[in-house]
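Colleague: I'd like to learn how to read a model like this one. Can you take me through it feature by feature?

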Amino acid sequence: VLEWFRWQRVKIVEKAEQFFSRYPDEPIFFDNSQLLREVDKAKGSKLRGEGQLYLYKDRLELREKSGRVNTFTIESISDMSIYSRMNLIFTTADRRAYEIKTGVIRSAVKYLDVFNYLKSSKAGSPKPEVPVVLNTDR
C-alpha cells in the first residue's frame with residue numbers, strides 16, 4: 001500500500017506539470033458539494049461557503065451557486081494538510097484557518113500534492129517529499 005501511495009503521489013505531480021504547461025489558465029481539479037468553513041479555536045467554525053472547489057495553478061476557489069467566489073491565492077496559503085481522510089485544512093498568511101469538508105467521496109490527497117508542488121515550484125525548491133497526512137479517525 002505504501003508503495004502504491006508513493007507511486008500515486010509522483011504521478012499526480014507529473015500530471016500536474018504536464019497539465020499546467022499545456023493549460024496554464026484552467027483548473028486541474030474540481031469537485032462538487034464542498035463546504036468551506038473558517039475555523040477559530042476560541043469561537044468554533046463558521047460556514048463561509050458551499051459549492052464547487054477548483055484548484056488552479058495560482059489559486060484555490062470555492063464557487064457558490066449564488067455566483068459568489070471565495071478565492072485563496074496559492075501564495076497566500078501558508079500551509080495545507082489533511083485530516084479524517086477527505087478533509088482539507090489550510091492556513092493563510094494572515095493567520096486564518098479554514099477547512100474544506102464534503103459529504104461526497106473525493107481525494108484530498110490530489111489537492112494537497114498539487115498544492116505542495118505549486119508552492120515548491122514557486123519557491124524554486126525541488127519537488128516536495130511525501131507530506132505527513134494527519135488522520136484522526138482512530
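Colleague: Let's start with Ser-33: what does it count as by relative accessibility?

Modeller: The cut-offs are these: buried is under 20% relative accessible area, exposed is over 50%, and partly exposed is in between (1.4 Å probe, protein chains only). Ser-33 has 43% relative accessibility, so it counts as partly exposed. Before we go on, this is a predicted model: local features need pLDDT of at least 70, side-chain atom pairs count only at pLDDT 80 or more, and totals for chains, interfaces and linings use all residues. Residues are numbered from 1 along each chain as its sequence is written, and side-chain values use heavy atoms, leaving out hydrogens and water.

Colleague: Where is Ser-33 found, and what is its phi?

Modeller: Ser-33 belongs to strand S1 (residues 29-40). Helices (H or I, at least four residues) and strands (E, at least two) are DSSP runs, numbered from the N terminus. As for phi, most residues other than glycine have a negative one. Ser-33 isn't a glycine, yet its phi is positive, about 55 degrees. Arg-95 also has a positive phi, near 70 degrees; you'll find Arg-95 in the loop between S6 and S7, exposed at 79% relative accessible area.

Colleague: What pattern does the protein chain follow along the sequence?

Modeller: It reads α-β-β-β-β-β-β-β-α, with two helices and seven strands.

Colleague: And in what order do the seven strands sit in the sheet?

Modeller: Two strands pair if DSSP finds at least two bridges between them. Here the open sheet has the order S4-S3-S2-S1-S7-S6-S5, with antiparallel pairing. Its edge strands, S4 (69-73) and S5 (77-83), each pair on one side only. S5 is joined to S6 (residues 87-92) by six bridges, and the bridge partner of Asp-79 in S6 is Thr-91. These two strands form a hairpin with three residues between them, and Ser-84 in the turn has a positive phi of about 50 degrees. S5 is mostly covered, with five of its seven residues buried.

Colleague: Which residues of H1 are buried?

Modeller: Arg-9, Ile-12, Val-13, Ala-16 and Phe-20. They lie on the same side of H1, because they cover an arc of only 90 degrees around the axis; that arc is taken from the directions from the helix axis to the C-beta atoms. The general idea: an α-helix has 3.6 residues a turn, so residues three or four places apart point the same way. The face of H1 turned away from the buried side carries exposed residues: Glu-3, Trp-4, Lys-15, Ser-21 and Arg-22.

Colleague: Tyr-98 next: is it buried or exposed?

Modeller: Buried, because its relative accessibility is 9%. Tyr-98 is in strand S7 (residues 97-102). A contact means heavy atoms within 4.5 Å. Leaving aside neighbours within four places in sequence, Tyr-98 has contacts that include Leu-36, Phe-72 and Phe-90. Arg-37 is 61 residues from Tyr-98 in sequence, but the C-alpha atoms are 5.5 Å apart.

Colleague: Over which residues does pLDDT stay under 50?

Modeller: pLDDT is the predictor's confidence in each residue, from 0 to 100. The protein chain averages 87, and 88% of the residues score at least 70. Residues 123-138 are the stretch under 50. Where pLDDT is low, the predicted coordinates should not be read in detail.
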